[in-house]
Amino acid sequence: MSEPCLEVVIFKVKDSEKARVARRAAQDTVKHYDGFISWTAYESCEEKNLFADIVLWKDLTTAKDAANKVMKDPAFVAIMAEIDGLISMSHYTADRVVEANAAAA
């Protein structure tokens, strides 16, 4: 049985406003990819042009297949043009999940 795969991408952008719009368009496209589960887009609280994407895939194979597809998909041209540097891109599987007590949250 395959495990869900978490993809974490941290990158700098040239223009945060343009990148935000382009990233949302890319999200609207990737939600139709095989194995896609979710994509949460973050922006740094301290550094204006630093973004982080947390994408959950069905498994590592679909994550890697999607990465290859993204490079050829016209829907990703605008966001790729706004990227000013890749800080990190990695794939992870869960070791353990700890959730807050309902009363504490």
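Five salt bridges are counted in the structure, a salt bridge being a side-chain nitrogen of Lys or Arg within 4 Å of a carboxyl oxygen of Asp or Glu. The model is predicted, so that local features need pLDDT of at least 70 and side-chain atom pairs count only at pLDDT 80 or more, while totals for chains, interfaces and linings use all residues. Residues are numbered from 1 along each chain as its sequence is written, and side-chain values use heavy atoms, with hydrogens and water left out.

One of the salt bridges joins the side chains of Glu47 and Lys12, with an N to O distance of 3.1 Å. This pair links distant parts of the chain, as Glu47 lies in the loop between strand E2 (36-43) and E3, Lys12 lies in strand E1, and the two are 35 residues apart. Helices (H or I, at least four residues) and strands (E, at least two) are DSSP runs numbered from the N terminus.

Glu43 forms a salt bridge with Arg20, in which the closest N and O atoms are 2.6 Å apart. Because Glu43 belongs to strand E2 and Arg20 to helix H1 (residues 16-30), the pair ties together parts that are 23 residues apart in sequence. Glu43 is partly exposed at 30% relative accessibility, whereas Arg20 is buried at 19%. Glu43 also meets Arg23 in a salt bridge (3.8 Å, N to O). Here strand E2 is again linked to helix H1, with Glu43 and Arg23 20 residues apart. Arg23 is buried, its relative accessible area being 4%. Through shared partners, salt bridges join Glu17, Arg20, Arg23, Glu43 and Asp53 into one network.

Asp53, a member of this network, is found in strand E3 and is buried, with a relative accessible area of 7%. Its side chain makes polar contacts with the side chain of Arg23 at 2.6 Å and with that of Trp39 at 3.2 Å. A polar contact is a pair of N or O atoms within 3.5 Å; within protein, one must be able to donate a hydrogen and the other to accept it, and residues adjacent in sequence count only if both atoms are side-chain atoms. Leaving aside residues up to four places away in sequence, Asp53 touches several residues, among them Glu7, Val9, Phe11 and Tyr42, where contact means heavy atoms within 4.5 Å.

Asp73, in the loop between H2 and H3, is buried yet has no salt bridge. The nearest side chain of opposite charge is that of Lys69, 5.7 Å away; Lys and Arg count as positive and Asp and Glu as negative, with His and the chain ends not counted. Beyond residues up to four places away in sequence, Asp73 touches Thr29 and Tyr33.

Helix H2 (residues 60-70) has Thr62, Ala63, Ala66 and Val70 as its buried residues. Seen down the axis of H2, these fall within an arc of 105°, so they line one face of the helix; the arc is that of the directions from the helix axis to the C-beta atoms. The cover over them includes strand E1 (5-13), strand E3 (50-57), helix H3 (77-82) and strand E4 (83-92). At the N-terminal end, H2 is capped by Asp59, a side-chain oxygen of which lies 3.3 Å from the backbone nitrogen of Thr61.

Methods: Buried means under 20% relative accessible area, exposed over 50%, partly exposed in between (1.4 Å probe, protein chains only).
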